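Look through the sequence and the structure below before reading on.

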Amino acid sequence: MTTDGGAPSNLVVAASSAILASAATYYFVSRISLSEKGDVAAKTKSQQGNPDKKENEQLGPAKSPETQYELNLRGKIDRIYEQHGPKPFEFDNEVVSVFDDMVSRSVPLYCEVIDLAIYWFEKYYVPGTKVYDLGCSTGTTLDVLARASKTLVNETNNPCQFVGIDNSEAMVSACREKLEWATEDNIVDIRCGDIIEAGILNASFVIMNYTLQFVPVARRQELLQSISSGLNPGGILLLSEKVRAECSELQETCTWIYEDFKERRKYTKREIARKKEALMNVLVPFTEGELRSALSSAGFDNVEIVAKWNNFTSFVAWKSPRLPVTITGKNGMHQKKDPPTKIVTPNLDALFDTFPVYLDDYLEPKLLSLVCRQRMEIFADKGFKAGSMSNDTLQKFNAIAEMIQKLPQLESDTFIVDQDELFIGDPKELTEDEMATFQQCINALKPWKKGPLRLFGTKIDTEWRSDLKWERLQRALPELKDAVICDLGCGNGYFMYRMLEYSPKLVIGIDPNLHAWLEFKLFQRIRSVDNLKFEYMRGDMMASLPLVFDVVFCLGVLYHTPDPMTMLKDIHKSMKPKSVSSTNTMVYHIVQVSTVCMFEKFLVSQQ
Ligand SMILES: C[S@@+](CC[C@H](N)C(=O)[O-])C[C@H]1O[C@@H](n2cnc3c(N)ncnc32)[C@H](O)[C@@H]1O
C-alpha cells in the first residue's frame with residue numbers, strides 16, 4: 001500500500017530515539033530497527049522515485065543495525081501545519097495519512113517504548129489470553145508485537161490473540177491495511193469503537209500508548225477501572241503519556257526542550273506553534289501523581305516508570321496476583337497468612353465521579369489536583385480504614401450500585417422539594433421492570449434515615465423527621481441565594497434538596513457514609529440536580545477546600561467527632577470572607593451547629 005504521495009510500505013524506519021541531535025554518540029541495538037541518527041523518515045532502497053524522497057533525505061540517513069523486527073511505518077511526511085493554520089486537532093483522514101511520520105517525529109522514545117513492549121509482552125503474556133492495544137492508531141505496535149508473537153510464543157501451538165481498538169475510522173482502516181497479514185492469520189481483531197466501552201476481557205497485557213491524554217478527563221478513571229477489571233491477576237498495563245510537570249516553571253522548561261526536539265526533527269517553528277494551538281484542550285495531560293493515583297484507585301498494586309524523556313513517560317502498572325504474606329507469630333514461628341482480599345467493586349466505582357470538574361471554578365489547579373487525589377484515595381479505600389467495612393458490606397453496596405445503574409437516567413417531571421416530603425417521580429414514569437428494580441433499590445437501602453421521602457409514589461419510612469429540623473432552621477437561615485454552601489455530614493442530601501428553594505449557586509454535601517452516598521445517587525438517577533454535589537469525604541477534607549463556602553451547615557456532626565475543635569478550624573478555613581460594607585469590611589462566617597442550639601459566628605476584621 002502507498003498512501004497518496006506517500007512512502008511505500010515497509011519502510012525501514014530510523015527510530016525516534018531520545019538522544020538525537022548529535023546522535024552519532026548514541027546507538028543501541030534493539031529488537032526493532034533503530035538508527036544511529038534518530039530521524040524518522042529514513043532513506044530506504046524502496047524510496048526511489050518517491051515524491052517525498054528529497055524531503056526524506058534532508059531528514060537524514062538511516063542506519064539499520066541487526067534487528068529482529070522492523071517498524072512498519074507508512075504514509076507521507078507530516079507537513080500539515082505548514083499547509084494551514086490550526087484547527088482543533090482530530091484523528092481525521094488528513095492526520096491519518098501522515099500519522100506514522102508525525103508520531104515517530106513528535107514522540108520522544110516512540111521507538112524505544114515499542115521495543116520495551118516486546119519484552120514486557122514476552123514476560124507477562126499468558127497463552128490463551130488476549131493482548132489489547134487501546135488507541136492502536138495505524139497499528140505500528142500491534143504489527144511489531146504480532147510478528148514477535150510468532151517467534152516468541154509459537155511453541156505453545158496456541159496463537160496469541162491481539163485486539164486493537166480505535167475510535168477513528170480512518171485509523172482503523174489504516175491499521176487493518178497494515179495488519180492485513182495478521183488478520184488473515186486470525187490473530188488480530190481490529191475494532192472501531194470507544195475504548196471506554198471496549199469490554200476488555202481475559203487480558204494478560206494491555207497497551208495504551210499516548211491515548212489516555214485524549215480521553216475526556218471525567219471518564220479516565222472509568223477507563224482505567226475497566227482495564228483493571230479486564231486484566232487477569234498478574235496482568236500488565238503498559239501506559240505511555242505526555243505528563244504535565246507539577247511545577248509550572250519546570251513545565252515551561254520541559255516545553256522549551258520539547259520544542260527544540262521537534263525543531264531537530266525538522267519541524268519548523270511555525271508548524272510547532274500551530275500544532276501546539278491545535279492540541280490545546282484536546283490533549284489534556286495529567287501529572288505523574290494524578291496518573292499514579294488513578295492507577296492505584298483502579299486496582300493496580302504496583303506502578304513503575306519504565307521510560308521517561310522529559311514529560312513523555314511510560315508506566316508499567318501491575319495487577320499483581322495476591323501472594324500470601326509471611327508474618328512472625330508470637331512464638332517467633334513464621335506463619336503464612338493470606339492478605340485481606342480487596343474486593344472489586346466495579347459498580348460502586350462506576351457511580352463515582354472521578355474528577356469533580358465543577359471544583360475547577362473554586363480551586364487553583366494545584367489544589368484541585370491534590371483534592372482529586374485525596375478523594376480518589378478515600379473512595380478507593382471505601383471503608384476509610386482498611387478493614388472498617390467488611391467485604392460482605394462492600395459487596396452488598398456494590399450490588400445496590402448495580403441496581404441503581406439498571407435504572408435509566410430519568411429527569412422526572414414530578415419534583416417537589418418545598419414541602420415536608422421530598423417528592424420525586426410519578427409511578428407512571430416507570431415501566432413495570434423499572435418499578436421492580438426501583439423497589440429493590442429502596443428496600444436494599446433500608447433503613448433510610450433522613451426524610452420524609454416519597455419516591456415514585458412510594459412513601460419511604462425514614463427514621464428521622466428531618467423536615468421538623470428544617471422548619472426550625474428556616475427561622476434563622478442566612479442568605480442562601482447564589483451562595484456556595486456546604487452541608488457537612490449531609491447524609492442522603494435531604495437538606496441539600498430543601499435548600500434548593502432558596503436558589504443557591506452550589507451545594508456540596510460531604511459525608512463519609514457510603515450508604516447515604518448511594519441514597520443520594522438514587523435521587524440523582526431519578527432527578528439530577530446539577531448544583532447539588534455529594535463528596536464521599538471525611539470532615540477533615542474541608543481544610544483542602546479553602547475559601548470555598550459562603551455558608552456551612554454542620555448539623556449533628558460535631559458531637560460525633562473525636563476532635564471537634566479541629567473540625568471547627570477546618571470549617572473556618574473552608575469559608576470565604578464576605579464583605580458587607582465598602583467602608584468597614586466586616587467579615588462574617590456563619591456556622592450553624594445542631595438543631596437544638598444554633599450558633600452564629602461573627603468575625604469582624606479590622607481595616
Ligand atoms: C496518539 S494516538 C495513539 C498512538 C498509538 N498508540 C501508537 O503508539 O502509535 C491516539 C489514538 O487514540 C485514539 N483515541 C482517542 N480517544 C479514543 C477513544 N475514546 N476510544 C478509542 N480510541 C481513541 C485516536 O483515534 C488515536 O488513534
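Are α14 and α15 roughly parallel or roughly antiparallel to each other? This is a predicted model, in which local features need pLDDT of at least 70 and side-chain atom pairs count only at pLDDT 80 or more, while totals for chains, interfaces and linings use all residues. Residues are numbered from 1 along each chain as its sequence is written.

Helices (H or I, at least four residues) and strands (E, at least two) are DSSP runs, numbered from the N terminus. Helix α14 covers residues 391–406 and helix α15 residues 432–444; they pack at an angle of about 150 degrees, with their axes 9 Å apart. Axes here are lines fitted to C-alpha atoms, for helices over the stretch in contact, and angles run from 0 to 180 degrees between N-to-C directions. Angles under 35 degrees count as roughly parallel, over 145 as roughly antiparallel, 65 to 115 as roughly perpendicular and the rest as oblique. α14 and α15 are therefore roughly antiparallel.

Where they meet, I400, M403, I404 and K406 of α14 face T437, Q440, C441 and A444 of α15 in contact (C-beta atoms, placed from the backbone, within 7 Å). These residues divide into five nonpolar, two polar and one charged. In this scheme Ala, Val, Leu, Ile, Met, Phe, Trp, Tyr, Cys and Pro are nonpolar, Asp, Glu, Lys and Arg are charged, and the others, Gly among them, are polar.

Next comes burial. A residue is buried if 20 or more other C-beta atoms lie within 10 Å of its own, exposed if 12 or fewer, and partly exposed in between, with C-beta atoms placed from the backbone. Of the 607 residues in the protein, 40% are buried. In helix α8 (residues 220–230), nine of the eleven residues are buried, among them R220, E222, L224 and I227. The elements that cover the buried residues of α8 include β6 (203–209), β7 (231–242), α11 (288–297) and α12 (346–351).

G193 lies in the loop between β5 (188–192) and β6. G193 counts as exposed because it has 12 C-beta neighbours inside 10 Å. Leaving out residues up to four places away in sequence, G193 touches I165, N167 and A198. The C-alpha atoms of G193 and S168 are 7.7 Å apart, although 25 residues separate them along the chain.

Conventions: Contact = placed C-beta atoms within 7 Å.
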